[in-house]
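I opened the model to look up how its strands pair and how its nonpolar residues group. My entries follow in the order I made them.

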Amino acid sequence: MTTDASARAIKPELLRTYTEDFNKDRANLIAADAAVSAGVLKAATDYRGVRALPRDFSIELKQGSITNQERSGRCWMFASLNTLRYELMHRWNLEDFEFSETYLFFWDAMEKSNTYLENVLRTLDEATDSRLFEAINWGPSDDGGWWQMFAALVNKYGLVPKSAYPESENSRNSDDFKQYLNSKLREFAAELRRRSAAGASEDELRALKDEYMGTVYRICAVALGEPPEKFDFFARTKDDAEADADGKADSCKCEGKSDAKACKCDKDKSDKPKTGKDERPQIREIGITPLEFYKKYMPVDVNDFVTLANAPLKNRPFNRRYRIRFSANVVEAGDMEFVNVPLDVFKKAALDQLTAGHPIWFACDCTQFALRKDGFFDQSVVRVDQLFGTEFTGDKAHGLEYGDSPSNHAMTFTGVNLGEDGKPNRWKVENSWGKDAGKDGYYVMSDAWFDRYVTELIIRKEYLDDATRALLAAEPVELDPWQPLTRRCR
């Protein structure tokens, strides 16, 4: 289409019409006063929507203390570890527990760096401005990721408690560390391509890559400190029986014993001298490795989970298995995969897993119709449609196809409320933004928001229906790394 510049420009007479129309509507003036003074989200908050989402749930899981990823893109890692720590705490009767996120962060940086350089070697014939190379080169070792990246790291490196490898300034605030690591990696990439063009053999290039990885290790170790090869672990379990208001245990050890003429539990308790000593049972490990710790103390296998997606796109038919090219962090673990299923299958898997008492890793667009500070995900709470005087009518397919609502954040479902009809009407969300975000770190999500913006769930295989489970053996459809559902959560 060819038009002159005046036809393409905003016309002065139209601007006069716009301002006249704006100023003669009282609602516009009130909305402007509120938004300019308080910001768009506060001005758009609907108290009726807030009241319609109480923070009680018919199904609720007891989780540990809220975690905080701070100024880093590790949400996928925090959500994964929050999912696992619930299982560990309840298996070993612990009051609270937190894994070291920094431990996996170190190895993720190493593995992503290695995979990036391997991808450079795989694409030596690609122009640097090709779409594929630009996708590979966009973030060589950026923070973001998916559950399957987490699983690949755990399989290779195990897990450690936070006490064995605590947070550092560069894990809390990762931008500077990752900026210079990525810059160095791109320098390495350029040199590998230059050497290849000059006739270097594959063996020579790979030897150079191995040398480069020594520099990567040094950068990671300086920024985060070296990870432990072995560590000591100590924890106290909760008392076997909680005492009631009178100091008596809920259960009696003598109950059901035919030879017990009289209950001795109260006598044993009164005879025991009262001291300040903590008598709770202990778990103690000396010199255990991260892989030993994972295999001994984790009651679940990270490989027993499947990524379900709900992406209603015409070019992503439901009931298919998909694989995203060039998406691995651990090169030998392979690329990321998911099964795309209809919403009813998607939601039923989530309900079945929560009802059975297991939390759920999920991914969504956390920025849409969300109140970060107050802890709400709901379009009826954030009424920007009323504030701006225009409807927002895009559906889930539109949001994915046009990049308006990609998955950008991972969190954990720890509860759901079922109405009288047995259907969910709100969900409890554990976030990783600390206690000051949401209500003590937790959010409430309407069921309508779930349908619109939740795109990925990590489901235990036992809660898949037979038809979905059968898809795990199907040949995957390959996706390019720039297509919808390929963006990493941060």
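**Strands**

I started with strand S11 (residues 424-430), where six of the seven residues are buried, so the strand is largely enclosed by the rest of the structure. Buried here means under 20% relative accessible area, with exposed over 50% and partly exposed in between (1.4 Å probe, protein chains only). Helices (H or I, at least four residues) and strands (E, at least two) are DSSP runs, numbered from the N terminus.

I noted that this is a predicted model, in which local features need pLDDT of at least 70 and side-chain atom pairs count only at pLDDT 80 or more, while totals for chains, interfaces and linings use all residues. Residues are numbered from 1 along each chain as its sequence is written, and side-chain values use heavy atoms, with hydrogens and water left out.

Next I looked up the partners of S11. Two strands pair if DSSP finds at least two bridges between them. Val 429 in S11 is the bridge partner of Phe 413, and Tyr 443 in S12 is the bridge partner of Val 429. The hairpin of S10 and S11 has five residues between the strands, and there Gly 422 takes a positive phi near 80°.

I then followed S10 (residues 409-418) to S7, to which five bridges join it in an antiparallel run. Phe 413 is the S10 bridge partner of Ile 360. On its other pairing, S7 runs antiparallel to strand S13 (residues 454-460) with three bridges, and Ala 363 stands opposite Glu 456. Five of the five residues of S7 (residues 360-364) are buried. Ile 360, Phe 362 and Cys 364 point one way, and Trp 361 and Ala 363 the other.

**Cores**

I checked the nonpolar cores, each a set of buried Ala, Val, Leu, Ile, Met, Phe, Trp, Tyr and Cys residues joined through side-chain atoms within 4.5 Å. The largest has 72 residues, and Leu 159 and Phe 293 have the most contacts inside it. Helix H7 (residues 101-122) gives the most to this core, with 11 residues. A second, separate core of 49 residues includes Leu 351, Trp 433, Tyr 443 and Ile 459.

I also listed what Leu 159 touches (contact means heavy atoms within 4.5 Å). Leaving out residues up to four places away in sequence, its contacts include Leu 81, Phe 99, Phe 231, Phe 293 and Met 298.
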